[in-house]
Amino acid sequence: MIGAIARRLGWMIVVAWFVVTASFLVTAAIPADPARALLGPHATAEALQRVRVHYCLDRGLVGQYGCWIGRVARGDLGESYRSQRAVTAIIADRIWPTAQLALGAIVLQLLIGVPLGIAAAVRRGRWPDHGAGLVGLLGQSAPPFLVGTVLLYVLAYRGGWFPISGYGAGGWDRLAHLVLPAMTLAAAGVAYYARVVRSELVDVLAEDYVRTARAKGLPERTVIGRHALRNALGPLVTLAGLDLGVLLGGAVVIELLFAWPGLGREILLAIVEVDLPLILGVVMVSAIAIAVANMLVDLAALWIDPRLRHG
Amino acid sequence: MIRRVQRVAAVAAVTAAVAWLTACDPPDRGPRFRPAGAQAPRGGGTLRFAVNDQVRTLDPTYSYDQIGYFVLHPLFDTLVDFSPGGLEIIPRLAERWQSSPDGLAYTFELRPGITFSDGAPITAAHFKYSLERALTADHSPFTEYLGDIAGARDVIAGTAPACAGITVDGDRRLVLTLARRNPGMLEILAMPFTAPQRADHVARAGDQIRRRPDATGPFVLERWDEGERIVLGNNPRYFDPARAHLDQIVMLENIPRDTQFQMFERAELDTADQLAAPDYLFVMSAPAWQPYVHHTAGMNAYGSRMNVQQPPFDDRRVRQALNYALDKSHTARLLHGTAIPAHGILPPGMFGRDPAIPPYPHDVARARALLAEAGYPDGFDVEYLTINDEETETVAGSLQSDLAEVGVRIHLSVTSFATWQTAIARRSGPALSFASWTADFPDPSSFFDPLFHARSIQEVDSTNSSFYATPELDALLDAARRELDPRAREAMYHRAERILYDDAPWIWDYHRQTAEVTQPYVRGYAPHPIWLRDYSSAWLDLGPDGAPVPR
């Protein structure tokens, strides 16, 4: 087990390095001058040159990469060009809002998606199944900017039940601000979870042990809740774990639409302004989040299902 | 039976929802409040507004973007300022000043009793420190603004520890000596980076200086949740109570434009600007909102720049032809009347603008004739670089169809702002592109010199992005910089306008106005041509309970 974890950690570092290096090359290929993005169209040649020297931008591709990777090795992600603020401090500020949004979305996906999937599986071919199918189709095909805009218009602007935008002051206010973005982020996930639960449950319900349980005369509630559902939820744990990793990277469109101060919005602003250290820092954190989530999911699977340990 | 009931219920629910949404009874979108009717300004209250970006730093030595100024201007008083709603220079922390007859020395007498927000007195040495900090700070965007002060070049180069041209005489007198006359010097001294600073405060704050403004203005920083909101509070020690009625000013960051207007309509915001097209058209067509809509002409110019060193734009007739081909009434319509047709770089209201020059008329026959004369009877193909901004793309599409009429086929290439500004600053960059300019300070030299002087041409870092320069214009601009008599100076800039009109290094298109709408109870406010959204002298005309009075 410990060997497996160590191997995983090693791979994680390799993956993070690879992703960040690829991002560096892509960003460097953008024909936009970060110094000019920083100082604006009025900047004189002298001022631009001073900025380039300050940020190693005068050194060519290899020099810049060396400059950056050398700092990362010392645990310093550098400072954002635009705000002259430590990238680690910016990420520390932004990761908690993103985490709240991710957790909110996962909770909604489970709370809505799982019952919807159960209803569809149990009443297969009848209206709950069709209803869940319709919700699934809408949730998966509608892009988040549309879902978000509609929710915002109906529930906040017209209805006035939720604040239109922003992060809220904390406590209940934060929760009220969280609902709409989390719902938007969860829309596609709800649909997907419902479909997974439905198809797993439909398979399990056809198993012999379910027929045995029914034959014993157990109430349907117990048959589904105790016997069938437990065995159908395995893939869901994997799914939710992987989702959490992806969602921790930030949801660009939704954070932008709802003025949610998370990582997704931060990286978009950084890309627009060619803020290289910030782009690389956020990418690195996202890559690590996904790698860690993968690792935890694998470990959880080992722990839940003893058969895998000897496979 | 049950299934039928369910079906009926579902249909009924959907119908009800659709009916509610499509609203047989549309909400009243007029103002929900009215002014309470106070005769004199009242103190207190919180004014809330929003921007669709975020502030990078509150360190005045570095803050350089427009939204930064929305909070920096209430935080930092400087020696002089622009008059409310205008461009006249008025005293602020300086009680009075004098310039020498040769325009090379300025002497400022500080107002007695002025203090930082903690009560410590402001002295002339604090101004010397902040000016020298701008000269020596790593990559401050303002270093060059002070380059005309005697000895400044040595400080920038690191060969002198202090600037010989900035001298202090006692606590209350500051003398600036220039090496070269600079007609925009007073305007530069109205910029927040020249506000007095304390060396010990800067040293103590360290890398937190960007969050710890040492306020000298009517407001102080109460709270900054970065990327979310900035809260300014009233500075009780401020010397002029008429500039600090509000208890608080709250600026919400990163709120998208159309969301801002929704929040405004739900009274979650007290003002909204940069209205997106449908909201703007709505406000302009609703008579009830009219009294609360404010327009400001910005210090800007928009159009297309041509690289005059690249064919076919090295031929003046081609450049003129493109100016004749553009139909400015299209732009005006597309921008819903917020665009003023341009004949050159200087916007209306700017000193030196010659109102007698009419914008190029839309004349297709003339354009074709000029193209034929220049050897392009069938027009030509050319790439047009523009930025991914809704307004700019719309205007580019309109230009494309106008130019097609005279046979010039432009192929739009859309890119980010950062890539665009890098590309057009290179001599080898695109021959034709979108162009815009917003002046740093309201002096014609802030338009002409960076854009059309030979000195501003570089291989890769040109601010002169049309690479246009003539010895005649250079000489004229240099003479205008030195000229002390305003009338003679104005005549020189009129001449410069005429030269640029004829030589047409840009396709002159329009100057942009902004529109802002406020709640009826916001009084004592109008957007400023330079600071735009400075609410320091605004006040809220609320009911006796401190709440807005419903209509």
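Q: Which residues of helix 9 of chain B are called buried?
A: They are B:Val318, B:Arg319, B:Gln320, B:Ala321, B:Leu322, B:Asn323, B:Tyr324 and B:Ala325. Buried requires 20 or more other C-beta atoms within 10 Å of the residue's own, against 12 or fewer for exposed and in between for partly exposed, with C-beta atoms placed from the backbone. The model is predicted, so local features need pLDDT of at least 70 and side-chain atom pairs pLDDT 80 or more, while totals for chains, interfaces and linings use all residues. Residues are numbered from 1 along each chain as its sequence is written, and chains are lettered from A and ligands numbered from 1 in the order written.

Q: Why is helix 9 of chain B described as largely enclosed?
A: Eight of its ten residues (316-325) are buried, so the rest of the structure largely encloses this helix. The helix itself is a DSSP run (H or I, at least four residues; strands are E, at least two), numbered from the N terminus.

Q: What do the buried residues of helix 9 of chain B pack against?
A: Their partners in chain B are strand 14 (300-306), helix 11 (364-373), helix 12 (390-404), strand 17 (408-415) and strand 19 (506-518). Contact here means C-beta atoms, placed from the backbone, within 7 Å.

Q: How many residues does each chain give to the contact between chains A and B?
A: Chain A gives 40 residues and chain B gives 36. Helix 3 of chain A gives the most to its side, with seven residues.

Q: What makes strand 5 and strand 7 of chain B edge strands?
A: Four strands of chain B form an open, antiparallel sheet in the order 5-6-8-7. Strand 5 (94-99) and strand 7 (166-169) each have a single partner strand, so one side of each has no neighbour in the sheet. The twist averages 20° from one strand to the next.

Q: How do you know that strand 6 and strand 8 of chain B pair?
A: Pairing takes at least two DSSP bridges, and five join strand 6 (residues 105-110) to strand 8 (residues 173-177) of chain B, running antiparallel.

Q: What makes the link between strand 16 and strand 17 of chain B a β-α-β crossover, and which hand has it?
A: Eight bridges join strand 16 (residues 380-387) to strand 17 of chain B, and the two run parallel. The chain passes from strand 16 through helix 12 to strand 17 of chain B, and the crossover is right-handed. That term applies if, with the strands pointing away from the viewer, the path from the first strand over the helix to the second runs clockwise.

Notes: Contact = placed C-beta atoms within 7 Å. Axes fitted to C-alpha atoms, helices over the stretch in contact; angles between N-to-C directions.
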